[in-house]
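Subject: Structure for you to look at

Hello,

Here is the structure I said I would pass on. Please keep it open while you read the notes.

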Amino acid sequence: MKNSKKLIAILAVIAIIAGVFVACSAKTSTDENATQASGAESKETLVMATNAEFPPYEFHEGDAIVGIDAEIAQAIADKLGMELKIEDVAFDSIIPGVQAGKYDMGMAGMTVTDERLKSVNFSDSYAKGVQVVIVKEDSDIKSVDDVKGKKIGVQTSTTGDIYASDDYGEENVTKFDNGAVAVQALVSGKVDCVIIDNEPAKSYVEANKGLKILDTAYVEENYAICFNKNDTELQEKVNGALKELIADGTVEKIVSKYIKA
């Protein structure tokens, strides 16, 4: 009887010890899982503002935003170990949004200009752009010199808008929310020409019969990424990643995918 009681007591102690080990093991496993989950959740997000109406740099493909800028931004985020989030906004909202800290950076086929440098900082250039003039095939505008005195359509706050307003006067420039609307204004006769980047210009001319691009380029420019002036740390990180992606041929490969030589 006494031996039986001793046996029961020993078994009870063993059960308690086993329970402690199981509890400790479960706690350790839970803590590890929590740490792993916390690590996954703490991956920093890189918020990029763009205007997805500028093919082939950024445009919609179903629900996704794709294009040169989207792919380069994703490659930069991957280099930095960050999660990329793209916000599609009006072009003239990008710089104010970056200034206000709403977005980490702006990338939308954006040219570095003295005026913009007053508001934001820029990365190194990652692509070159050319501003061109779209006209109707039977237009009397045969060269850039013939644009003077004509009604010019542009996308608001783009370099086409800035240059045309400076060169030909605000009174001759009509601003539209995006390039597609500006081109439709040309088709319907509301403007005589549209000044816009060469690559989206090709898409618009292909989609609208009776239009052509003048042989002479209007302006040549460099595209870069803009940042809040106070966020020089992010600017340096992104610029470092961009330099590596240019050096290893990634940027050229992405650009070549959308723009054939």
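This is a predicted model: local features need pLDDT of at least 70, side-chain atom pairs count only at pLDDT 80 or more; totals for chains, interfaces and linings use all residues.

Residues are numbered from 1 along each chain as its sequence is written, and side-chain values use heavy atoms, with hydrogens and water left out.

The sheet

Helices (H or I, at least four residues) and strands (E, at least two) are DSSP runs, numbered from the N terminus. Two strands pair if DSSP finds at least two bridges between them. An open sheet has 5 strands in the order β5-β1-β6-β14-β7, and its pairing is mixed. β5 (83–88) and β7 (120–122) are the edge strands, each pairing on one side only. β1 and β5 run parallel and are joined by 6 bridges; Met 48 has Ile 86 in β5 as its bridge partner.

Two helices lie against these strands. For the angles, axes are lines fitted to C-alpha atoms, for helices over the stretch in contact, and angles run from 0 to 180 degrees between N-to-C directions. Contact means heavy atoms within 4.5 Å. α2 lies across β1, β5 and β6 (105–106), at about 150° to β5. Helix α3 (residues 91–99) packs on the sheet and touches β1, β6, β7 and β14 (226–228), with its direction at about 35° to that of β14.

The cores

Buried means under 20% relative accessible area, exposed over 50%, and partly exposed in between (1.4 Å probe, protein chains only). A nonpolar core is a set of buried Ala, Val, Leu, Ile, Met, Phe, Trp, Tyr and Cys residues joined through side-chain atoms within 4.5 Å. The largest nonpolar core has 28 residues, of which Ile 72, Ile 76, Met 105, Met 107, Tyr 126 and Ile 225 touch the most other members. Two or more residues each come from β1 (45–50), α2 (68–80), α8 (232–247) and α9 (250–258). α2 gives the most, with 6 residues. A second, separate core has 15 residues, including Val 147, Tyr 168, Leu 214 and Tyr 218.

Leaving aside neighbours within four places in sequence, the contacts of Met 107 include Met 48, Ile 72, Tyr 126 and Ile 225.

Helix α5

Helix α5 (residues 159–168) has Thr 159, Gly 160, Asp 161, Ala 164, Ser 165 and Tyr 168 as its buried residues. Among the elements they pack against are α4 (114–117), β8 (127–136), β9 (152–155) and β10 (173–176). β9 and β10 run parallel, joined by 4 bridges, and Gly 153 stands opposite Thr 174 in β10. Together β9, α5 and β10 make a right-handed β-α-β unit (with the strands pointing away from the viewer, the path from the first strand over the helix to the second runs clockwise).

Asp 167 is also in α5. A polar contact of 2.5 Å joins its side chain to that of Tyr 218 (a pair of N or O atoms within 3.5 Å; within protein, one must be able to donate a hydrogen and the other to accept it, and residues adjacent in sequence count only if both atoms are side-chain atoms). Just after the helix, Gly 169 takes a positive phi of about 95°.

A loop residue

Thr 113 lies in the loop between β6 and α4. Is Thr 113 buried or exposed? Thr 113 is buried, with a relative accessible area of 10%. A polar atom of its side chain lies 3.1 Å from the backbone nitrogen of Arg 116. Not counting residues up to four places away in sequence, Thr 113 touches Thr 159 and Tyr 163.

Regards
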